[in-house]
Amino acid sequence: MKKLVMFLVLIYSTLTLPQRSDTQAIITPQGFGINLLNSKGNSSIDNDISNIGFMNPAAISNFDNYSFGLSYQLSSSIDEAWIADIGTSRKNDWMPQSAGAVFKFDDFSFGLGFGQKYNGSLDFDSIQITTTQDPDGTGEYFQVEYKTRVQSYSLSASYSFPEVFNESSSLEIGFRYSYNHLKFYEKLLGIQIDESDNIGSYAIGLQYSNQISNSRIFIIGFSYEIEPDFEKIYEYTNDLIYVYDPDSTGRIPAYINSKFNLVGSVPDKFNLDVSADLTESFRLNAMITGVMWEPDNDYIKNQLEFSASGIYRINEMFAPSFGFYYTDKNFDEDFFDINEKMNALYLIGGLRFNYDIFSADLAIADSHLFSGDFRKQTIGKLAIGVQL
């Protein structure tokens with residue numbers, strides 16, 4: 001309970017103290033999820049069409065002309081995901097997790113994408129109201145709400161240079177512009193914030209591929225994404241402060257106009273990918289991701305993420321896979337032993353189904369076996385696509 005009081009006082013003070021205050025919109029790492037999750041694992045060069053808004057932009061050339069897909073995602077809530085026994089959950093609704101489309105013109109490829117970069121809330125238990133007359137509680141309760149979503153709308157383009165070193169090789173370069181929309185809602189002790197902000201971000205990528213045979217290919221890629229840093233000054237009027245009114249019988253609420261700063265950072269990152277057909281039926285995907293927290297957060301360390309998956313193509317219709325994804329988040333000050341609770345190792349299973357021009361992509365990631373207390377979660381994702 002003491003931890004919860006400390007946390008609520010921290011949030012409340014950032015809203016009410018008479019000074020420039022920052023309201024943090026993006027807090028828990030669980031809200032980022034696994035944006036590249038698909039039946040082939042977590043690769044940014046070998047992925048589903050629905051995820052092109054998160055991929056290496058040079059890799060959109062890997063898709064067939066006039067391809068389209070969208071995905072939906074469900075994530076289990078975590079009862080204890082932050083300090084003070086605060087939980088976290090995702091708002092699962094009708095909105096897709098991601099969507100994408102690709103069309104080509106000669107050696108150019110163009111892509112349109114949508115994705116939820118962040119979707120998370122802080123979940124508090126009901127808190128009982130206490131007074132000096134009723135220190136054990138009045139029997140009345142109040143709820144704290146804290147919800148954030150970041151949606152991204154993107155336009156990608158890549159150009160392919162065929163036969164770079166030999167007749168079976170090619171080099172692709174790509175660029176992506178994303179328009180990011182932050183939606184934030186908070187309700188605490190009579191204070192209510194319902195604000196949004198918009199900002200652009202950019203990504204560049206390179207990809208080299210070599211066609212070993214008709215059914216085997218080797219691809220290596222690198223991409224870097226400059227992610228959005230939201231910052232918006234907003235005005236808020238509250239009636240939490242009471243003043244004496246000589247014309248009335250006592251105190252009256254004083255409506256105070258204040259300015260506050262809504263901030264939220266999505267860290268920049270780079271991806272280094274390899275995708276290789278070891279045999280005609282078995283493909284290996286591996287990726288290293290660098291997450292650059294330090295430029296925007298002095299109290300969070302940069303991190304490396306690792307993922308790998310093996311895909312076995314049974315036939316043209318079915319392709320199951322199995323892999324892993326490792327991530328963490330480390331703070332400079334290890335308050336409440338939070339660092340060891342933020343490690344997560346997801347085991348990923350997937351199945352790809354193709355029939356004529358249609359495809360279905362199913363992936364499940366679970367971190368209950370080998371993760372810290374704050375990262376035990378199950379994520380399920382289903383995508384459908386069309387290739388003309």
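β16 provides the largest share of the lining of the largest cavity, namely three residues. Strands here are DSSP E runs of at least two residues, numbered from the N terminus. The structure is a predicted model, in which local features need pLDDT of at least 70, side-chain atom pairs count only at pLDDT 80 or more, and totals for chains, interfaces and linings use all residues. Residues are numbered from 1 along each chain as its sequence is written, and side-chain values use heavy atoms, with hydrogens and water left out.

Cavities were located on a 1 Å grid over the protein atoms alone, each being a set of points where a 1.4 Å probe fits but cannot get out. Grid points are joined across faces, edges and corners, and a volume is the space filled by probe spheres set on the points. The largest cavity holds about 400 Å³ of space. Its lining, made up of residues with an atom within 4 Å of a point, numbers 27 residues. Nearest the centre of the largest cavity lie F32, G33, K269, E305 and Y325. At least two lining residues come from each of β15 (268-277), β16 (282-292), β17 (303-312) and β18 (318-327). By class, the lining of the largest cavity comprises eleven nonpolar, nine polar and seven charged residues. Nonpolar covers Ala, Val, Leu, Ile, Met, Phe, Trp, Tyr, Cys and Pro; charged covers Asp, Glu, Lys and Arg; the others, Gly among them, are polar.

The second largest cavity contains about 120 Å³ of space. It is lined by 18 residues, and Q30, G31, S75, R90 and N119 are the closest to its centre. β2 (67-75), β4 (86-89) and β6 (108-123) each give at least two residues to this lining. β6 contributes the most, with three residues. The lining of the second largest cavity has three nonpolar, 14 polar and one charged residues.

Aromatic contacts were examined next. Rings of Phe, Tyr and Trp (its six-membered ring) pair if their centres lie within 6.5 Å. There are 19 aromatic pairs in the structure. Y159 and F161 form an edge-to-face pair (planes over 60 degrees apart), because their ring planes stand at 75°, with centres 4.8 Å apart. Y159 is partly exposed at 27% relative accessible area, and F161 is partly exposed at 35%. On this scale, buried means under 20%, exposed over 50% and partly exposed in between (1.4 Å probe, protein chains only).

The rings of F175 and Y202 have centres 6.1 Å apart and planes at 35°, so this pair is tilted; planes under 30 degrees apart would count as stacked, and tilted is what remains between stacked and edge-to-face. The pair links distant parts of the chain, 27 residues apart, with F175 in β10 (residues 169-188) and Y202 in β11 (residues 191-213). F175 is partly exposed at 39%. Y202 is partly exposed at 42%.

Ring pairs also join W82, Y299, F331, F335 and F336 into a cluster.

S156 belongs to strand β9 (residues 145-162). S156 is buried, at 1% relative accessibility. Beyond its neighbours within four places in sequence, S156 contacts (heavy atoms within 4.5 Å) I52, I60, S109, F110, G111, F175 and R176.

Technical notes: 1 Å grid on protein atoms, 1.4 Å probe; cavity = no way out; pocket = protein on both sides within 12 Å on 5 of 7 lines; lining within 4 Å. Helix = DSSP H or I, 4+ residues; strand = E, 2+ residues; numbered from the N terminus.
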